Each structure stands twice: as structure tokens, then as C-alpha cells.
Amino acid sequence: NPEAVKKVQIFLNDYQNSGLKVDGIFGTKTDIAVRAFQAEHYAKVLAPWGLEAPTGIFYLTTQTEVNNIMCPPLNLPIPVLVPMNQNPSFPQF
């Protein structure tokens, strides 16, 4: 969804000065910026999945952490984790 990607790109530019072109394309530079964000927020983004390294996938825990940064009063908990391959709304490759 290009509009969703634009929102992610704007957030990454504002939050970590990523310098991304806001074009709605989830390309290499956006992927690298998402991975940097995930690594910086390891405990809340990657650890709940048991992951050791960033994935670049903007999914449940990454989205929740972004929402909490953008609107701290939400204080959203880590969501119930649904494996990506069992979520019908997750894009299939």
C-alpha cells in the first residue's frame, strides 16, 4: 500500500533523519531505515518474536512501537503475536 509506505517514510525521516524520498515505494533505502529502527528498538520490536536481527518487515511489533512513539499516551502493549504466515491480511510472497 503506497500510502502506508509514505507514512512509514515520513515517520522514519522525522524520527531518525533517514533522508528517504517519500514516494510510497518500499525499496532498499526504506528497508535499511526500517531495519535500523528495529535494531534501535530491539527489546520491543524483535525480542518478542525471538529474533536476533532486524527483518525490515513492518509488522505488529514495529507498528506498535511507532504508534507509541507518535502518541505516547496510547502506551499500547505488545500485541498478541500472530505468526505472519497465519495472518490472512499479511502479504503473501
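Q: Which residues of helix α4 are called buried?
A: In helix α4 (residues 60-70), they are Thr61, Thr62, Thr64, Glu65, Val66 and Asn68. Buried means under 20% relative accessible area, exposed means over 50% and partly exposed lies in between, using a 1.4 Å probe and protein chains only. This is a predicted model, where local features need pLDDT of at least 70 and side-chain atom pairs count only at pLDDT 80 or more, while totals for chains, interfaces and linings use all residues. Residues are numbered from 1 along each chain as its sequence is written, and side-chain values use heavy atoms, with hydrogens and water left out.

Q: What do the buried residues of α4 pack against?
A: Their partners are α1, α2 and α3 (42-45). Contact here means heavy atoms within 4.5 Å.

Q: How many helices and strands are there in the protein?
A: There are 4 helices and 0 strands, and the pattern along the sequence reads α-α-α-α. Helices are DSSP runs of H or I with at least four residues, strands are runs of E with at least two, and both are numbered from the N terminus.

Q: What makes up the largest nonpolar core?
A: This core has 10 residues: Val8, Phe11, Leu12, Leu20, Ala33, Val34, Phe37, Val45, Leu46 and Val66. Two or more of them come from each of α1 (2-16) and α2 (28-40). A nonpolar core is a set of buried Ala, Val, Leu, Ile, Met, Phe, Trp, Tyr and Cys residues joined through side-chain atoms within 4.5 Å. In soluble globular proteins, nonpolar side chains tend to be buried together.

Q: Which residues is Phe37 in contact with, leaving aside its neighbours within four places in sequence?
A: Among them are Phe11, Leu12, Val45 and Val66, along with Tyr15 and Ile69.
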